[in-house]
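This briefing goes through a few loop residues, one at a time. Please look at the sequence and the 3D structure first.

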Amino acid sequence: MERNEFIKSLGLGVAMVCTGACFSACGKKSDTPEPIQPNGGGVPSGTTASVDLSTQLLTVGSSVTVNSILFIRTATGNTSTSFVATQAVCPHQGGALTFIQDSNYIQCGLHSSRYTTSGSVLAQPIGGGTTSALKVYPITVSGNKLTATA
Ligand code: FES
């Protein structure tokens, strides 16, 4: 075999091996499922968070996150029915959740999934995957102190 022929055959062989490896890798499905947040993105049971209503959540539609709990004022007055408290971390992959006052929904900053203030899923993540309903925590109001407990 001439040197030129040998080099050509060597190059063809290397190309076939590389192509085979690429096809094999591309056709393989991931062994790991899409990551989701531990505890669905919710805080550990027993976690509490409080808001001082004399300085925060003064207007309907305002919101604040404390200890990974998202508080939203949904009505006037300082009673427990005037507020909701949900997890502030998206169940999908852990994006930060924000209340969008103009649209009256909670939205994830990472893949734009959307939730009602009662935690139901309005829109799944953009780009694929699925999310689940938000945890909604019981709240109490004592004087100017609003508290949620997971
Ligand atoms: S992390 Fe929230 S939609 Fe993906």
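In this predicted model, Thr117 counts as buried because its relative accessible area is 17%, and buried means under 20%.

**Thr117**
- Thr117 sits in the loop that runs between strand E7 (114-115) and E8.
- With neighbours within four places in sequence left aside, Thr117 is in contact with Ile72, Val84, Thr86, Phe99, Asn104 and Ile106.

**Val136**
- Is Val136 buried, partly exposed or exposed? Val136 is partly exposed, because its relative accessible area is 41%, and partly exposed covers values between the 20% limit for buried and the 50% limit for exposed.
- Residues up to four places away in sequence not being counted, Val136 touches Ala85, Thr86, Ser118 and Gly119.
- Val84 and Val136 are 52 residues apart along the chain, and their C-alpha atoms are separated by 7.4 Å.
- Thr86 is among the residues that Val136 touches, and Thr86 is also among the contacts of Thr117.

**Thr47**
- A polar atom of the Thr47 side chain lies 2.7 Å from the backbone oxygen of Pro44.
- Which residues does Thr47 touch, not counting residues up to four places away in sequence? They are Asn67, Ala148, Thr149 and Ala150.

Notes. Residues numbered from 1 in each chain as written. Predicted model: local features only at pLDDT ≥ 70, side-chain atom pairs only at ≥ 80, totals over all residues. Heavy atoms only, no water. Buried < 20%, exposed > 50% of the residue type's maximum accessible area, 1.4 Å probe, protein only. Contact = heavy atoms within 4.5 Å. Polar contact = N/O pair within 3.5 Å; in protein donor to acceptor, adjacent residues only side chain to side chain. Helix = DSSP H or I, 4+ residues; strand = E, 2+ residues; numbered from the N terminus.
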